[in-house]
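Welcome, and thanks for opening the viewer. Keep your selection tool at hand, and we will go from stop to stop together.

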Amino acid sequence: MHLLTSGPSFALLLALHTHAQDRTTEAGEAAIDAPTLECAPYSYPPVVAALASFPPIWTPVTSVPANDTEGRAKFLAMNASIPNITPKGTMAGDFSSFTPTYSTTDPDCWWTFHQCVTPKFKGLNADIANVPEPRTLGYGFDDGPNCSHNAFYDYLTAQQQKATMFFIGSNVLDWPLEAQRAVADGHQICAHTWSHRYMTAFPNEGAFGELWYSMQAIKLVTGVTPTCWRPPFGDVDDRIRYIASQLGLETIIWQFNSNDWEVGLNGVTTDQVQANYDALVANASAGMFNSAGAIMLTHELNNYTMQTAMDNYPRLAAAFDHLVPIAVAQNKTQPYVETNYTMPDFAACACPSP
Ligand SMILES: *[C@@H]1O[C@H](CO)[C@@H](O)[C@H](O)[C@H]1NC(C)=O
Ligand SMILES: *[C@@H]1O[C@H](CO)[C@@H](O)[C@H](O)[C@H]1NC(C)=O
Ligand SMILES: *[C@@H]1O[C@H](CO)[C@@H](O)[C@H](O)[C@H]1NC(C)=O
Ligand SMILES: *[C@@H]1O[C@H](CO)[C@@H](O)[C@H](O)[C@H]1NC(C)=O
Ligand SMILES: *[C@@H]1O[C@H](CO)[C@@H](O)[C@H](O)[C@H]1NC(C)=O
Ligand SMILES: *[C@@H]1O[C@H](CO)[C@@H](O)[C@H](O)[C@H]1NC(C)=O
Ligand SMILES: *[C@@H]1O[C@H](CO)[C@@H](O)[C@H](O)[C@H]1NC(C)=O
Ligand SMILES: [Zn+2]
């Protein structure tokens, strides 16, 4: 240590590091290939300047204050028409005192109860749980941007593979250059709330804020406003769907679950996750998606989930005819509010079709 901190070798190392790392631009950050360096915090001036306009990072949203004039006006405009459904359980997902009181007819189309995706409240669209194009996987990842995602994004780029990234607002403000990389690489971005809690537990204003501030964070950092979101843990009901739809967000869920996020928790093992990937591949090979494609829940959460996605990529690409971002499988060529960002439609997609 002493040798390094005094003398010429330290100066040289410092110089090399300073040149190797540019942590002020998307391209500079994307060029870092050591996970521990990628995950060392940095400061990004546009985020620092805007922090007072956001709730505290990783804290569940409780209010949309009056000085957020746009957000407040949007909330008040929808407030009176939000379905009259009582919040459920806790933000940590404890529904043990709520579920026994809930009607078995599932009046709120609460996904967590029996995976309902067809709303009962009039005027709401069904959740997107699969993709319309046959033999196609709507390819996507939740919980990013992860600070150490460069190896994973490099891999996707090398395969010319694009995906749908469901970003957490708090992660976007923590890792703005990583969020920018997703847009630069041509991935689709959807929102995944501000603080990643169980949404059906929030009162109306907090639920609105969880969606609104995640959209605002993505817009601030990447320049685009998403038109889709995915509920953390799938926890959505007609009240939350209504608030999302009023914000212009389509609700995207899944039919297949890799359970990759849960490894090391609740006794879930890597073998079980591999079996889930294997079952999807077997289903595809058995022709189960010959009339409509699939969506599987997978994550940009940590080294394991990203590595497992890479390890399984060749088999998924062989089992399906197409792996595409969900917007591409929907022919949704303008995936954002800003109309100058486009994605190819399904026919035009130069997506790999092995
Ligand atoms: C808006 O008001 C809240 C308190 O209600 C305050 O914490 C926040 O800093 C204010 N934001 C701005 C941009 O002034
Ligand atoms: C929102 O609407 C409810 C009832 O529809 C009302 O009780 C409440 O005061 C409203 N909230 C605001 C902030 O106006
Ligand atoms: C399809 O996947 C399910 C698990 O999601 C599995 O139980 C089933 O055996 C699979 N079917 C085929 C034909 O592979
Ligand atoms: C990203 O992945 C790394 C490596 O597994 C992990 O240490 C980190 O906590 C993850 N989370 C975020 C938010 O980047
Ligand atoms: C996982 O971590 C190892 C060791 O730091 C690294 O070499 C590898 O690139 C990482 N993989 C992914 C997908 O991030
Ligand atoms: C997408 O557009 C193509 C024509 O370009 C069409 O064949 C296909 O059915 C469309 N798919 C959807 C889901 O709209
Ligand atoms: C879209 O328009 C905005 C605002 O004019 C601009 O800042 C942005 O660079 C444009 N993006 C693309 C991809 O053209
Ligand atoms: Zn998530």
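Helices (H or I, at least four residues) and strands (E, at least two) are DSSP runs, numbered from the N terminus. Residues are numbered from 1 along each chain as its sequence is written, and chains are lettered from A and ligands numbered from 1 in the order in which they are written. You are looking at a predicted model, where local features need pLDDT of at least 70, side-chain atom pairs count only at pLDDT 80 or more, and totals for chains, interfaces and linings use all residues.

**Stop 1: ligand 3.** Select Phe256, Ala279, Ala282, Asn283 and Ala286, which surround ligand 3; a residue belongs here if its C-beta atom, placed from the backbone, lies within 6 Å of the molecule. Helix α13 (residues 270–285) provides the largest share of this shell, 3 residues. Which classes are present? The shell around ligand 3 has 4 nonpolar residues, 1 polar and no charged, counting Ala, Val, Leu, Ile, Met, Phe, Trp, Tyr, Cys and Pro as nonpolar, Asp, Glu, Lys and Arg as charged, and the others, Gly among them, as polar.

**Stop 2: the sheet.** Stay on Phe256, whose bridge partner in β8 is Met296. Strand β8 (residues 294–297) runs parallel to β7, joined by 2 bridges. Now show the open sheet of 4 strands, ordered β7-β8-β1-β9 with parallel pairing; strands pair if DSSP finds at least two bridges between them. The edges are β7 (256–257) and β9 (322–324), each with a single partner strand, so one side of each lacks a neighbour in the sheet.

**Stop 3: ligand 5.** Next, select Pro35, Ser148, Ala151, Phe152, Asn303, Met306, Gln307 and Met310 around ligand 5. Both α8 (150–158) and α14 (303–319) supply at least two residues each, and α14 gives the most, with 4 residues. By class, the shell around ligand 5 holds 5 nonpolar, 3 polar and no charged residues.

**Stop 4: ligand 6.** Pick Pro132, Glu133, Gln330, Asn331, Asp345, Phe346 and Ala347, the residues around ligand 6.

**Stop 5: around Val172.** Finally, centre on Val172. What does Val172 touch, leaving aside its neighbours within four places in sequence? Its contacts (C-beta atoms, placed from the backbone, within 7 Å) are Pro145, Phe167, Ala179, Ala217, Ile218 and Val221.

Key:
Two residues are in contact if their C-beta atoms, placed from the backbone, lie within 7 Å.
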